[in-house]
Structure formats: C-alpha cells, structure tokens
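Welcome, and please open your viewer. We will go from stop to stop, selecting residues as we go.

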Amino acid sequence: MGSAKTTFLLPHGDVMEKILVIGANGFLGGKLHPIFKNKYDVYAADITISEIDEKFHPIQLDITNAEQVKTIFNRLKPNLTILTAAMTNVDVCEDFPEKANLINANGPLNVANAIKEINGRLIHLSTDFIFDGEKGNYTEEEEPNPLGVYGESKLLGEKHILESGVTALICRTSVLYGWPAANQRDNFFSWAYKQLHSGKHIKIIKGQITTPTLVDDLAQFLYDVSEFQTTEIYHTTGPEAISRYDFVSKLVDIFEMNPNLLESVDFFKQKAPRPDDSSLNTQKIQLTNYHRFRGIEASFQYLKEQK
C-alpha cells in the first residue's frame, strides 16, 4: 500500500462544509465529487491519485493504515466522508481473505474511529452479499448471513462502524451499472453491452437474482441524503429484482441488439459462492423524499440517450 503525501491542499475557508470522498477513482466515487462540488468543498482520496482533477484536492490515502487515516482526518476535518473504497472482486476475496478483511473490515474501522474524533459524519457503502440469498427481498432489519469472504468482510466493516458510535449511514447496494469512465473497468452492464455490440456470443446464468442499481441514481441519492444527522441503514438499490439473464435480455431489447447472441445457462463454475436471491427490499427509502431510483427499462433508456 502507498504512503500518504505529506502535502495537500488544506481548507481554504469555512464557507462550505468539507466532504471527503474515499475511493474517488472508482465507479461510484468518480460520480460523486462532480455532483457534490456545488454543495461542498470536495476532497477526493484514493490509493493512487494521478487521475483525479486538481480542483478536487487529491489526497493519497490507504484506509488500512490507521495512523495515516488519523493524521489526514485530523488535518482536514471533513464534515462528511463517503467511503466507497473496498475490495469488491468476490473471487479474489476468496483467494486472499486476509487482504479482504484488511480493506473491507479494518479500513472502515480506521475511518470510523478517525471521524469519531473530529465529530464528523460517515456514509459507508455496503453490499447485498451480506445475505445468504435463501429468500430474497431482504429488509434492513433482517439478520445477515454471508456465504463467502467478501460478504463476511463487508458485514464486519458494517459492525465496526455501528459499534464505533460515529453518526453514519450504511447504504447497501447491488450490481452498480452504467457507463464507466475511460480509466475505469467495465461493470456487468457495460461488459455485456460491449460484447453484444461487437457481435460476440455471450452466456449468462439464469439465476442470481439481485436488485441492480443505476450508478447515477445512487450518486444522486447520496447527494440528497448528505445532511443526515442520525445513524441509519438503507437499502439503496433499484426497485426491481431480476436475474442476470433477464437483465441482459432487457438490454438486448432496449438497445436493439441481436437476441441470437444471448444464451442462458443454468450454472457457472465460480470460486466464491453467490447468493441465489440477494434482492433487497427498498420500501424504506421509497417512503422518504430523497431521489427515486429508476427501474431497469427507464435506466436503460437513460443510458441509451447518453450513448
């Protein structure tokens, strides 16, 4: 892991509250700092910062380094921190459980402890993989039971935050999709689109029901909820539970792809276990006045217009 830069831009006034986005190079993180710049003085942190625009005050930060985290938070004193950084490759987590726990469990603990000292607020991104998938349509109140290392490490991160006493929102999400930036890896949607658009035949599993989430909607929701003052857990996903195959089938329809390129399969051999149905119940956020998450067809139409 990299070491912290000893010099970075310090606050240039208290006109706006300060927000620190950790994981700023990532798919969601990259959407956040442009959205928040009109409301907050934005600081963008990641393990590498060469791709971050200087106007977002790039900070090199390794969340597994407790001393580095404490030092940066004590200097910057952000009012709000959004923690999107995580080790998210489910199969790699299975191969390297110690690293997964270091990043996904210890990292949030370090961040929460540092925020607690400065009386800040935290939004932490978690996952539907904390559930075993035996029933689906999980509410925020139901007992998690992760199947693999990834879910276990993310659940431990949640517990560390809640036990720290910091004022926090834990936002569990699922299958983020949309158009990635040029320097970002593909997500399930963009990968499938590219394969089909180039005329390649793809096989998609019939099962693995989730509640896919348009990344733009999640970013806007986090903006809307950012002035929270009490600790909550939210299921922040799209409103539709759908299988992987049916998701891509809708993509084929909306983007007018060749349906003969898509084939369903019953089973894929994968290293880490996947929940059969990890769909999340979103009634709690639907009862709020925050940004509404779009359904899959509306999201695909939105993405089609952006292309």
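Our first stop in this predicted model is the second largest pocket, with a volume of about 190 Å³. Select Ala 24, Gly 30, Ala 181, Asn 183 and Gln 184: of the 14 lining residues, these lie nearest the pocket's centre. The lining of this pocket is made up of six nonpolar, five polar and three charged residues.

Next, select residues 97-118, helix H4, and residues 149-164, helix H5; their axes come within 8 Å and cross at roughly 15°. Because angles under 35 degrees count as roughly parallel, H4 is roughly parallel to H5. The crossing of the two helices is right-handed. To see where they meet, show side chains: on H4, the contact residues include Pro 97, Ala 100, Asn 104 and Lys 116, and on H5 they include Val 149, Tyr 150, Leu 156 and Ser 164. By class, the contact of H4 with H5 has 10 nonpolar, seven polar and two charged residues.

The largest cavity has a volume of about 50 Å³. Select Val 90, Glu 94, Phe 129, Leu 147, Gly 148, Val 149, Tyr 150, Gly 151, Pro 273 and Pro 275 to show its lining. Helix H5 gives the most to this lining, with three residues, and helix H3 (90-95) supplies at least two. Seven of the lining residues are nonpolar, two polar and one charged.

Last, pick Phe 129, Gln 208, Ile 209, Thr 210, Arg 244, Arg 274, Pro 275 and Ser 278, which line the second largest cavity. About 30 Å³ of space lies inside this cavity, and its lining has three nonpolar, three polar and two charged residues.

Definitions and conventions
Residues numbered from 1 in each chain as written. Predicted model: local features only at pLDDT ≥ 70, side-chain atom pairs only at ≥ 80, totals over all residues. Heavy atoms only, no water. 1 Å grid on protein atoms, 1.4 Å probe; cavity = no way out; pocket = protein on both sides within 12 Å on 5 of 7 lines; lining within 4 Å. Points joined across faces, edges and corners; volume = space filled by probe spheres on them. Nonpolar A, V, L, I, M, F, W, Y, C, P; charged D, E, K, R; others polar. Axes fitted to C-alpha atoms, helices over the stretch in contact; angles between N-to-C directions. Helix = DSSP H or I, 4+ residues; strand = E, 2+ residues; numbered from the N terminus. Parallel < 35°, antiparallel > 145°, perpendicular 65-115°, else oblique. Left-handed = near helix turned anticlockwise from the far one by under 90°. Contact = heavy atoms within 4.5 Å.
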